[in-house]
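Reader: Could you take me through one part of this model up close? I'd like the metal site, please, with the cut-offs spelled out as you go.

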Amino acid sequence: MKYCPNCGNQVDPKAVICPHCGIPLPSSSSFSTPATTTGDTGSAWWGVLGFFVPVAGLVLYIVWHNSEPKNAKSAGIGALIQVGVSIAFFIFCFFIILAADLSD
Ligand SMILES: [Zn+2]
């Protein structure tokens, strides 16, 4: 079911004109969920990208810093988490090696 963007009444999903107020309706039934492919949505997917490709996350953060701050923050946080995890893993390995050395 979709709703008229003008008067808010329920209309038939296949209707092209609102039967209540008469304005033309978007042909797509998905107009109630705005497209997320463009715009500064701060999507978590940019964080996922930043996590798996920290360099891309960092570049996106720099490029978007002014134009799309939410997306930039999301990508930057993903990259930061990855860097943090890498450092934690490095320190973990360091102590494992150290412990193995001391036990000799
Ligand atoms: Zn209407």
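Author: Cys 21 is partly exposed, with 32% relative accessible area, whereas Cys 18 is buried at 2%. Here buried means under 20% relative accessible area, exposed over 50%, and partly exposed in between, with a 1.4 Å probe and protein chains only. A quick word on the source: this is a predicted model, where local features need pLDDT of at least 70, side-chain atom pairs count only at pLDDT 80 or more, and totals for chains, interfaces and linings use all residues. Residues are numbered from 1 along each chain as its sequence is written, and side-chain values use heavy atoms, with hydrogens and water left out.

Now for the metal itself. Both of those cysteines hold the zinc ion through SG, together with the SG atoms of Cys 4 and Cys 7, at 2.2 to 2.3 Å. Donors are N, O and S atoms within 2.8 Å of the metal (3.2 Å for Na, K and Ca), and water is not among the atoms, so sites may look incomplete. Along the sequence, the zinc donors follow the spacing C-x2-C-x10-C-x2-C.

As for geometry, the zinc site is tetrahedral, with angles of 105 to 118° among its 4 donor atoms. For reference, the ideal angle for four tetrahedral donors is 109.5 degrees.

Phe 52 sits in helix H1, a helix being a DSSP run of H or I with at least four residues, numbered from the N terminus.

How values were computed. Helix = DSSP H or I, 4+ residues; strand = E, 2+ residues; numbered from the N terminus. Tetrahedral: all angles 85-135°; square planar, octahedral: opposite > 155°, others 65-115°.
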